[in-house]
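User: I'm new to this one and would like a close look at a single part. Here is what I have open.
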Amino acid sequence: MRRRVILVTDGDEYALRAIEYVAKEFGGRCISASQSNPTRLTGEQLVQLILQTPHDPVFILFDDSGYIGEGPGEQALQYVANHAQIDVLGVLAVASNTHHHEWTRVDVSIDRNGHLTEYGVDKSGLADVELGRINGDTVYCLDKLNVPIIIGIGDIGKMYGNDDVKRGSPITKQAIELILERSGYYDDNGEAKC
């Protein structure tokens, strides 16, 4: 059976808390062991954990910790995304203040006020000047992937408190809702497809 997975390009503790919270809201699971900066588990190890998880959608965190080019997070991300038993619903592409100018295209971004924008966003969740792209440190490989949707977002769990888990991480939640809607996760009655 193929597992339905959402990829998140951030691996710090704030991201983990926000994603764990949001995963529960949608009846899914976050692989907490994927949290680290940089990513410590291999793609093979992550796939084993995904396949053991009882509920979809499964959320996985990836982080390169500023590594130039394809770091351990991106190597693991590509392995997971291309695995035969994994169905990627979408990607949350998290912006960073990278000095290495790594970027990816995004289908849409969500700013820190919850507004959809055709522009990218920065780490603070403010709309950027580039149309359809964001800068980040674990986004270098995303353009190679065949996924339904890539959403640009500011620093998950932060964005000047607007996405704090104590507030229900509303920006992250909105992004996940959009991924689930656009990926065909729900049927015509708004129920998750089996």
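Let's start with Arg 3: is this residue buried or exposed, and what is its relative accessible area?

Analyst: Arg 3 is buried, with a relative accessible area of 5%. Here buried means under 20% relative accessible area, exposed means over 50%, and partly exposed is anything in between, using a 1.4 Å probe and protein chains only.

Before going on, a word on what you're looking at. This is a predicted model, where local features need pLDDT of at least 70 and side-chain atom pairs count only at pLDDT 80 or more, while totals for chains, interfaces and linings use all residues. Residues are numbered from 1 along each chain as its sequence is written, and side-chain values use heavy atoms, with hydrogens and water left out.

Back to Arg 3, which has a salt bridge to Asp 56, with 2.7 Å between the closest N and O atoms. That bridge links distant parts of the chain: Arg 3 sits in strand 1 (residues 3-8), Asp 56 in the loop between helix 2 (43-52) and strand 3 (58-61), and the two are 53 residues apart. Helices (H or I, at least four residues) and strands (E, at least two) are DSSP runs numbered from the N terminus. Asp 56 is buried too, at 13% relative accessible area. A salt bridge needs a side-chain nitrogen of Lys or Arg within 4 Å of a carboxyl oxygen of Asp or Glu, and searching the whole structure turns up 11 of them.

Another one joins Asp 155 and Lys 123, at 3.8 Å from N to O. Asp 155 is in the loop between strand 11 (150-153) and helix 4 (170-182), and Lys 123 is in the loop between strand 8 (119-121) and strand 9 (127-131), so this pair ties together parts 32 residues apart in sequence. Asp 155 counts as buried at 5% relative accessibility, whereas Lys 123 is partly exposed at 33%. Both belong to a salt-bridge network that also takes in Asp 12 and Lys 158. Leaving out residues up to four places away in sequence, Asp 155 touches Asp 10, Asp 12, Val 94 and Lys 123, where contact means heavy atoms within 4.5 Å.

Strand 6 (residues 108-110) runs antiparallel to strand 7 over 2 bridges.

One more arginine to finish. Arg 133 forms a salt bridge with Glu 130, the closest N and O atoms being 3.8 Å apart. The charged end of Arg 133 also sits over the ring of Trp 103, 3.9 Å from its centre. That call requires NZ of Lys or CZ of Arg within 6 Å of the ring centre and within 35 degrees of the ring normal. Arg 133 is partly exposed at 24% relative accessibility, and Glu 130 is partly exposed at 34%.

Conventions: Pairing = 2+ DSSP bridges.
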